[in-house]
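Here are some notes to read beside the model, written for someone meeting a structure of this kind for the first time.

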Amino acid sequence: MDLEVTDHLLGTTRAVRRKLDLDRPVEREVLLDCLRLAVQAPTAGATQQWRWLVVRDQERRNRLGALFREVGTAYLDAKVADSPQRARTLASARHLVDIIERVPVLVIPCLLGRPHGGNDALSVFYGGIFPAVWSFQLALRARGLGSTLTSYHLEREAEAAEILGIPADVTQVGLLPVAYTTATDFKPAPRTPPEELTYQDSWGSPL
């Protein structure tokens, strides 16, 4: 593999909110290509319990967007911008809340069944789809599209399910606004060095 290309993809796939092209359509085949790659991700027990709901209809996007905006606005109003970086993140999130229904495609990853049990069961349940979600986002990035995994609407999951015809025994695990990006020069984000986050053999013991 070309490590330079691979590392660039992994290191610059950002949560994109402000730089989504709201006017350029997203082709069906592009979405399918990305989903074909997504479902190659590891899945617990090879069960493939994932399902993907692609929302393109404007009326449904409007109704879903209203739920997303109501919950998102309340959440963001309660947050404090206590640093410049935090202020930028909150402003970016608020921008997405304001324009959510204008994003050309909303993708809702789902799992068959409902979560139950302790941490062991929940890790298997949700662990069955999040690798696929990230693969989907990487595939989008490689094709000039952006996304971000959001969860505001999950506070109103039942209402969203009614809008979209999702059965009661199916779990929505997020919402990804998907669009081509208006910029391509994404860079690595500031992160705490792994040396400060990683332990060896016992908690607190440096690697």
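**Notes on helix packing, pockets and a cavity**

1. In this predicted model, H1 passes H6 in a right-handed crossing. Helix H1 covers residues 3-12 and helix H6 covers residues 130-142, and their axes come within 10 Å and cross at roughly 110°. Angles of 65 to 115 degrees count as roughly perpendicular, and H1 and H6 are therefore roughly perpendicular to each other. On the H1 side the residues that meet H6 are His8, Leu9, Leu10 and Thr12, while H6 brings Leu138, Arg141 and Ala142. Sorted by class, this contact of H1 with H6 holds four nonpolar residues, two polar ones and one charged one.

2. H6 also packs with helix H2 (residues 28-38), at an angle of about 140° and with the two axes 8 Å apart, which makes H2 oblique to H6. This crossing of H2 and H6, too, is right-handed. From H2 the contact takes Leu31, Cys34, Leu35, Leu37 and Ala38, and from H6 it takes Ala132, Ser135, Phe136, Ala139 and Leu140. Nine residues of the contact between H2 and H6 are nonpolar and one is polar, with no charged residue among them.

3. How are H3 and H4 placed relative to each other? The angle between them is about 160° and their axes lie 9 Å apart; since angles over 145 degrees count as roughly antiparallel, H3 and H4 are therefore roughly antiparallel to each other. The crossing in which H3 passes H4 is left-handed. H3 contributes Phe68, Arg69, Gly72, Thr73, Leu76 and Asp77 to the contact, and H4 contributes Leu90, Ala93, Arg94, Leu96, Val97, Asp98 and Ile99. By class, the contact of H3 with H4 consists of seven nonpolar, two polar and four charged residues.

4. Which element gives the most to the lining of the second largest pocket? That is H4, with five residues. In this lining seven residues are nonpolar, four are polar and two are charged.

5. Finally, a search of the whole structure for cavities of 30 Å³ or more finds one, and the largest cavity has a volume of about 50 Å³. Its lining is made of Thr13, Arg14, Val16, Gln137, Arg141, Leu145, Gly146, Ser147, Thr181 and Phe186. The elements that give two or more residues to the lining of the largest cavity are H6 and strand E3 (145-146). Three of the lining residues of the largest cavity are nonpolar, five are polar and two are charged. Arg141, which belongs to this lining, is also one of the H6 residues that meet H1.

Note on methods. Residues are numbered from 1 along each chain as its sequence is written. This is a predicted model: local features need pLDDT of at least 70, side-chain atom pairs count only at pLDDT 80 or more; totals for chains, interfaces and linings use all residues. Side-chain values use heavy atoms; hydrogens and water are left out. Axes are lines fitted to C-alpha atoms, for helices over the stretch in contact, and angles run from 0 to 180 degrees between N-to-C directions. Helices (H or I, at least four residues) and strands (E, at least two) are DSSP runs, numbered from the N terminus. Angles under 35 degrees count as roughly parallel, over 145 as roughly antiparallel, 65 to 115 as roughly perpendicular and the rest as oblique. A crossing is left-handed if the near helix is turned anticlockwise from the far one by less than a right angle, and right-handed if clockwise. Contact means heavy atoms within 4.5 Å. Ala, Val, Leu, Ile, Met, Phe, Trp, Tyr, Cys and Pro count as nonpolar, Asp, Glu, Lys and Arg as charged, and the others, Gly among them, as polar. On a 1 Å grid over the protein atoms alone, a cavity is a set of points where a 1.4 Å probe fits but cannot get out, and a pocket is an open set with protein on both sides within 12 Å along at least five of seven lines; lining residues have an atom within 4 Å of a point. Grid points are joined across faces, edges and corners, and a volume is the space filled by probe spheres set on the points.
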